[in-house]
Amino acid sequence: MTTEVADPVTSAPAVRQPGLLSRAMSGKVGPVGLMLLLIVVIWYAGAVYLNAPRLIDGYERNDTEWNFSKLTDDAWAMERPILPAPHQVLIEMNNTIFGKKITSKRSLVYHSWVTISSTLLGFAMGTTLGMLLAVGIVHVKALDKSLMPWVIASQTIPILAIAPMIIVVLGAIGLTGLVPKSIISMYLCFFPVTIGMVKGLRSPDPLQLDLMRTYSSSTSQVFWKLRWPSSVPFLFASLKVAIAISLVGAIVGELPTGAQAGIGARLLVGSYYGQTIQIWSALVTASILAGLLVALVGLAEKFVLRRMGVVQAGGAG
Amino acid sequence: MQNVAVKAEPAAAVDRSAGNSVVKTDQLSLTFQTADGPVYALSNVNLTIEQGEFVSFIGPSGCGKTTLMRVIADLEQPTEGDITVNKVSPREARLNRAYGYVFQAPALYPWRQVDRNVTLPLEIMGLSQTEQQERAARYIEMVNLKGFEKKFPWQLSGGMQQRVSIARALSFEPDLLLMDEPFGALDEITRDHLNEQLLRLWEKTQKTVVFVTHSIPEAVFLSSKIVVMSPRPGRIIDVIDCNLPPDRTLDARETPEFLEIAHRVREGLRAGHSYDD
């Protein structure tokens, strides 16, 4: 050896510090818990404030003696409050999720399943459509110019306005039930997938593309070996948005169907009969479902990215 | 002094091979049309690179040396003049996979482990699995990275990543190796080490190497021929033959022969300098 350079084979690669993540996690529980507590307090206060006028009216009509503590007790225990208290919603959810057979029309599990199935079908269709559009837009210049404005314009139409039209039109050609709702989900969720995928497929840097060119590789080789893997992190970011709005699409799709089943139907029936507790429990269930679905996509993301060796926290893109 | 053959004529023949030109350019020019008007990147470049030579392009930043390399690789199109690579057009040469290109940055694919980065060109060429693995093992060993096959690029240092990219360029066994400032981003110690390794590799494989650098010692140490270029428009100022003993080590940088060539390169660079100071 004429130089004093250490043998590179024996020098270990950089080791990542494991303590950092766990510390960040422990720091997360505090703020989130505090926020939750704050929301619950405001919710209880709001329930008293909003329900009080009707209660006080009643007291005065019946000459009932009342004080503040009676008012709060009554405000948090009304049958059809303007704003139900959190515990009322939780009790209703407990009754309709765990207290009913899941085949029962009154079971929230049953209704959730109806909504989830059209959400998932719509998500699958929307993701497929979104990816196909992105591949076309990236590879065909004419499509980039002609398709992109329509993709963006499609999202400016209020979904509430177009959803009944889709249901009616599809109903006229004999499509009812799951498929029309899924199509509304698809209509909403293809958009973020297209946008994210276009960005992802264009994300390889010029050197990586030049490299493929020096190998005189075909367009499909460039796609499968470079563009597709580069786009995966972008795809997952889009999928998280897509699955959440896919659920919104499914619920919106249930509103004009005459309210047969699904979370949307529960919302509609609840509002017919002024069952605010039922509406709120359906709402809370919907948001829990959305959270679970997003978390599931997040788990898939972690798994795939780890297998690809792409480090999530500020690593290689 | 017998080792230093200084010639003024750019196209002078070198005795390393029997006049078998790998790259030949004739009045090559390239002008980029930009929003701020034309940029003259290359102007009337006449250059012949013979088989088995180690040719360095040296010049200040923005002198067109990378552009010239990219024209050879068919990554840029000349606006005037002729160029042949392996006696055919650069495009045909590229389609024949005549060269391996090492970029300024390693340009590794982050989702591929070291061995799969090395086999990337082999997959594209459709080699068999066993052939791919055999070659990956051979070239990873050649760049001293045995034991790192299953690491992802981010787990390696910059110097190691660049060596992976060299192994990748070697893996499909091109006769011509184009290296665009491959060690530019590395620290000097790593750079010296890789320079020595590259020199040994060149001797072992007898490949033609075209090497872009802006380091005078690097150019003199590695090359059999140094092409000195001036800033815009990129022109060839001097072509210096540089036949230091083939088994030279880094110590050769302190010999009078080395210093004389380095001096001439520096003179050339100074002559072509278009800055005011």
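How much area is buried between chain A and chain B, and what share of it do carbon and sulfur atoms give? Keep that in mind as you open this predicted model, where local features need pLDDT of at least 70, side-chain atom pairs count only at pLDDT 80 or more, and totals for chains, interfaces and linings use all residues. Residues are numbered from 1 along each chain as its sequence is written, chains are lettered from A and ligands numbered from 1 in the order in which they are written, and side-chain values use heavy atoms, with hydrogens and water left out.

**Stop 1: chain A**

Select chain A and colour by secondary structure. You will find 11 helices and zero strands; helices (H or I, at least four residues) and strands (E, at least two) are DSSP runs, numbered from the N terminus. Of its 317 residues, 42% count as buried, meaning under 20% relative accessible area, with exposed being over 50% and partly exposed in between (1.4 Å probe, protein chains only).

**Stop 2: the interface**

Now show both chains. The area buried between chain A and chain B is about 3,200 Å², and carbon and sulfur atoms give 65% of this. Buried area is the accessible area (1.4 Å probe) that two parts lose on being put together, summed over both. Here 30 residues of chain A are in contact with 38 residues of chain B, contact meaning heavy atoms within 4.5 Å.

Next, select B:Glu123 and A:Lys225. Their side chains meet in a salt bridge (2.8 Å, N to O). The rule, a side-chain nitrogen of Lys or Arg within 4 Å of a carboxyl oxygen of Asp or Glu, finds three salt bridges across this interface.

H8(A) gives the most, with seven residues.

**Stop 3: B:Met125**

Finally, move to chain B and select B:Met125, in helix H3 (residues 114-125). Is this residue buried, partly exposed or exposed? B:Met125 counts as partly exposed because its relative accessibility is 28%. Show its neighbours too: leaving out residues up to four places away in sequence, B:Met125 touches B:Arg97 and B:Phe172.
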